Amino acid sequence: MTINEIDSVDWASMSHAYGPASDVPGWLRGMVSPESGVRDEAFSDFYSAAHHQGDVYPCTAASLPFLFEMADSPATPDRGSVIELLLSIGQECLGRDPEAVYFTPDGTESRAHVEALAVIGERAEVFVRWVRDPDEEVRRPAIEGLGLFLADGARALEVLRSLLPGSGMVQRLLVVRAVASVALRDAVVHGAAAGWLEDLAGDTTQVPEVRLAALVHRVRCTLGELGDAVVPVAVGLIREIAPEETSGNDDAPCGAEPEPDVAAGTALSSGVPPQVAAAFEDLERYGRVHAPTSSLLESLHTVLDNRVLERTALLTEQLCSADPGVRYDAIGMARKLIGQWRGDCTGLVVLIAGCLLPEDPYTSAAAAEALGALVPVSEPAREALAAYIEAARAEHGPDVWAARERLVRHAHQEAVRALASLGDPRALDCVLEALDGGTDAWRAVQVAGHLGEAAGDLTPRLSKLLADVDFSDASQSMTANALVSALRELGDPAAAPGVAGAGQPRNRGRA
């Protein structure tokens, strides 16, 4: 079917996450618009409704022939994004039970996941051409699609192996992962694929990232052969990774996009609650990868599972890596392991604290946030947090909590919050400055209750903020709840009248 036949489909008889699918044709046409803004909106709308949270509806399956045509046409302005959408739909279908019946939001039985996979399978040969496209944005999702969907495993393996020579490092990592995908789904070529991965892991002419990828994916393909040598080899390869091999924008911390410097917000602003706004900012950072090896190492940690000592050895090397991106991404992995493990994690906590570097506020913020989330296990980081805060105040002044530089401000606030959560009085001055200044005061409120010895200083300030809350403004309810909670934690009797009267009409004087 061609894009000109799009109206021949009875879209109105289908539904997506939010109702009838009659708007799907408009989104598909929008994806090929010459205007980038129109394209972005069309992709966003399709993902949020016709592919909502990964769901696959009959209208999603019906869109596939048009998506394939768009992806194959040189006239399509953003072919890579179209192929990424195809890949996302196909991956979701592979993750579903082919024998199961699912239901659309309107209660209709659906086997759209089976129908969609059939459509993709019928057209999978086109991935062979796409993986050799001059456009890198086309090649990358196509490589993964080839590994997942081409029925002829031997042919897929042959094409993928031929792509390795002459490719850039990131593309080679994709090729290695795709070879593992073929091995896992096709027993006929499993041995050949696993052998190729093993040889590649030992090929010293390859960069360490590629050898590490081959090692990890070889383990994934043969879980029963996981031996004691895997982690030491992986540690050795991590040591070989040089910063210049993985860094992106030299001006951005850890290869991330630089964030604009903007003034911080006040605690009691109208409209969106500041806590919600901050949560959305965190979502922007969530899942951001700073080194191409991070997904590999995540996979290796998953494979190692409860082999805590080996995972600790691996994380130790990651957190000490010469590459800042590797170190940054290791913080989240270490935080996850510590949160799951009941043993002595002092060593990892100290290594996370070692990522509190005044010259790198981006990484420091992640380290401080992790330490704050791990209280009380993060006790061994107490002195490092205090030293970082003192260094920030010495360099940027006592009002660094409200610094205009977003990264400096964020790192300092997270460090103060982590130290305050440990009940350390050295965080008090910064918390008081935040409460007095009003800038991002809500963040200080969340940890003020841990500083019980300073209740005499904190209670009047928190009570004043509570008295200023406009309870008719729903956006301030989260702030009010946090203030009440902090005052109760402090346990100062002087706060009782203010807490008891919170939300009650105030006497404005005699008429």
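Mentor: Start with burial: 52% of the 511 residues in the protein chain are buried. Buried means under 20% relative accessible area, exposed over 50%, and partly exposed in between, using a 1.4 Å probe and protein chains only.

Trainee: What should I know about where the values come from?
Mentor: This is a predicted model, where local features need pLDDT of at least 70, side-chain atom pairs count only at pLDDT 80 or more, and totals for chains, interfaces and linings use all residues. Residues are numbered from 1 along each chain as its sequence is written, and side-chain values use heavy atoms, with hydrogens and water left out.

Trainee: How many helices and strands in the protein chain?
Mentor: The chain has 26 helices and 4 strands. Those are DSSP runs, numbered from the N terminus: helices are H or I with at least four residues, strands are E with at least two.

Trainee: And what share of the contacts is between residues 24 or more positions apart?
Mentor: Taking contacts with a separation of 6 or more, 66% join residues 24 or more positions apart. Contact means heavy atoms within 4.5 Å.

Trainee: Now helix packing. At what angle do helix 15 and helix 16 pack?
Mentor: Helix 15 (residues 294-304) and helix 16 (residues 308-319) pack at about 165°, with axes 10 Å apart. That makes helix 15 roughly antiparallel to helix 16. Angles under 35 degrees count as roughly parallel, over 145 as roughly antiparallel, 65 to 115 as roughly perpendicular, and the rest as oblique. The axes are lines fitted to C-alpha atoms, for helices over the stretch in contact, and angles run from 0 to 180 degrees between N-to-C directions.

Trainee: Which residues make that contact?
Mentor: From helix 15, L297, L300, H301 and L304; from helix 16, R311, L314, L315 and Q318. They divide into 5 nonpolar, 2 polar and 1 charged. Here Ala, Val, Leu, Ile, Met, Phe, Trp, Tyr, Cys and Pro count as nonpolar, Asp, Glu, Lys and Arg as charged, and the others, Gly among them, as polar.

Trainee: Helix 16 and helix 18: roughly parallel or antiparallel?
Mentor: The axes of helix 16 and helix 18 (residues 346-353) come within 10 Å and cross at roughly 15°. So helix 16 is roughly parallel to helix 18. T312, L315, T316 and L319 of helix 16 meet L348, L351 and I352 of helix 18. That contact divides into 5 nonpolar, 2 polar and no charged residues.

Trainee: What about helix 8 and helix 9?
Mentor: Helix 8 (residues 153-163) and helix 9 (residues 169-185) have axes that come within 9 Å and cross at roughly 165°. They are therefore roughly antiparallel to each other. G153, A156, L157, L160 and L163 in helix 8 meet Q171, V175, A178, V179, V182 and R185 in helix 9.

Trainee: Switching topic. How many disulfides?
Mentor: The count is 0, taking a disulfide as a pair of cysteine sulfur atoms within 2.5 Å. C355 has its nearest cysteine sulfur, that of C320, 8.1 Å away.

Trainee: Why does C355 count as buried?
Mentor: Because its relative accessibility is 2%. C93 counts as buried too, because its relative accessibility is 2%.

Trainee: Last one: where is D23?
Mentor: D23 lies in the loop between strand 2 (19-20) and helix 1 (24-30). D23 counts as partly exposed because its relative accessibility is 31%. D23 and F46 are 23 residues apart in sequence and 9.2 Å apart in space, C-alpha to C-alpha.
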